[in-house]
Amino acid sequence: MNIVIFGSGAIGSLFGALLSNNNNVVLYGRKSHIDIINKEGLEINGKTFFHKKIPAFCNIKEIKMDIDLLILSVKSYDTDISLNLIKNIIDSETTLLTIQNGLDNIDKIRKIFNHKQILGGVTTQGSIFVKPGLISHTGFGETILGELDGTISDRLKKIVKIFNNSGIITKYSNDINKEIWIKTIINSSINPLTTIFKCKNEYLLKNPILSNIVKLVCNESVRIANAEGFDFNYDDILNKTKKVINYTCDNYSSMLQSYEKYKKTEIKSINGKLIEIGKKQNTDTILNELLVLLIES
Ligand SMILES: NC(=O)c1ccc[n+]([C@@H]2O[C@H](COP(=O)([O-])OP(=O)(O)OC[C@H]3O[C@@H](n4cnc5c(N)ncnc54)[C@H](OP(=O)(O)O)[C@@H]3O)[C@@H](O)[C@H]2O)c1
């Protein structure tokens, strides 16, 4: 399969490296990273070891192949600008898969591309952009992909198979929107709280006050989701949140990493979207509002 990774940073480079073992993969990203990949190859260390050259570009016009699958892996605040570039390189036969966090990416993609072209995705794989050319694979996780209309199509099965064959543990879902919401609710407490308290994920459960705040935020986010029409059980989602914290206990969240590098965070696409939807549904959003204020102040 001909695959383009649009936004080859931490997760995109990892997926690109793994998929390149049995597909034609092209990486697209920032010049500093791409130049090193072209000169010395892409290096992945940690849970995966990989070091080889993959075709890589930082000028979109240089991507010439017919693209079967484009994986969008920029941060959610870069989605709009990326879609305007993607328009120039894909056609109606290309599948566009997002593996980004946040509640707003699919809506943005749907404004430009036919919904039949789009696959949604979530992943709990963990990776860090160490420096140009070098990615650290910090944790194996599960990836879930789905058609927006919930059908288990042949192309979905094919892409899931390709991912699994490449070592990316993947399953399909008949409700990818629900999976994206679950991930967003989990992130709505972990990401901002670790950023505000500048702590590893594990501290959220070790510190009794923070552990209570995790519960309160999770509860509010579940209420917002249920007001929007979901039927989530608070205890289930809290347990999932605790599982993620335990599994990623040694990690510093991506929001904290961005914050410490004075980069933008995805808070608007996570807590910000929850607030917007909560307000529309007349449900309480005060804790999410507080978190956004503290991150943005
Ligand atoms: N990393 C993880 O473990 C992980 C796990 C699950 C989900 N996710 C989600 O996956 C998405 C990507 O995360 P990430 O950690 O991989 O972020 P990242 O390391 O920042 O990777 C995104 C890359 O895309 C580049 N980029 C953005 N706009 C571009 C453009 N127009 N042209 C070329 N390159 C562009 C960025 O460059 P600049 O930095 O210079 O803007 C960056 O190198 C996020 O939504 C994140 O929440 C990440």
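**Exercise 1. Determine which residue of β10 stands opposite Ile128, and describe the pairings of β10 in this predicted model.**

Step 1. Ile128 stands opposite Ser136 in β10.

Step 2. The strands concerned are β9 (residues 126–131) and β10, paired in the antiparallel sense over 5 bridges. The hairpin that they form has 2 residues between the strands, and within this hairpin Gly133 adopts a positive phi near 90 degrees.

Step 3. β10 also pairs with strand β3 (residues 42–46); here the strands run parallel and are joined by 4 bridges. In β10, Ile135 is the residue opposite Ile44.

Step 4. As to burial, 5 of the 6 residues of β10 (residues 134–139) are buried, and the strand is mostly covered.

**Exercise 2. State the strand order of the open sheet of 8 strands, and explain which strands stand at its edges.**

Step 1. The order is β5-β2-β1-β6-β7-β8-β11-β12, and the pairing is mixed.

Step 2. β5 (56–57) and β12 (170–172) each have a single partner strand, so one side of each is left without a neighbour in the sheet; these are the edge strands.

Step 3. Helix α5 (residues 154–165) packs on this sheet and touches β6 (69–72), β7, β8, β11 (143–147) and β12. The direction of α5 makes about 165 degrees with that of β11.

Step 4. Within the sheet, strand β7 (residues 95–98) and strand β8 (residues 118–123) run parallel and are joined by 3 bridges. Leu97 stands opposite Leu119 in β8.

**Exercise 3. Decide whether Leu27 is buried or exposed, and identify its contacts.**

Step 1. Leu27 belongs to strand β2 (residues 24–28).

Step 2. Its relative accessibility is 0%; because buried means under 20%, Leu27 counts as buried.

Step 3. Beyond its neighbours within four places in sequence, Leu27 contacts a set of residues including Ile5, Ile34, Ile37, Leu42, Ile54 and Phe57.

Step 4. Leu27 and Phe57 are 30 residues apart along the chain, yet their C-alpha atoms are separated by 6.2 Å.

**Exercise 4. Decide whether Thr265 is buried or exposed, and describe its surroundings.**

Step 1. Thr265 is located in the loop between α10 (254–260) and α11 (268–280).

Step 2. With 15% relative accessibility, Thr265 counts as buried.

Step 3. A polar atom of the Thr265 side chain lies 3.3 Å from the backbone nitrogen of Ile267.

Step 4. Neighbours within four places in sequence aside, Thr265 is in contact with Tyr77, Met255, Ser258, Tyr259 and Ile295.

Conventions: Residues numbered from 1 in each chain as written. Predicted model: local features only at pLDDT ≥ 70, side-chain atom pairs only at ≥ 80, totals over all residues. Heavy atoms only, no water. Buried < 20%, exposed > 50% of the residue type's maximum accessible area, 1.4 Å probe, protein only. Pairing = 2+ DSSP bridges. Contact = heavy atoms within 4.5 Å. Axes fitted to C-alpha atoms, helices over the stretch in contact; angles between N-to-C directions. Polar contact = N/O pair within 3.5 Å; in protein donor to acceptor, adjacent residues only side chain to side chain.
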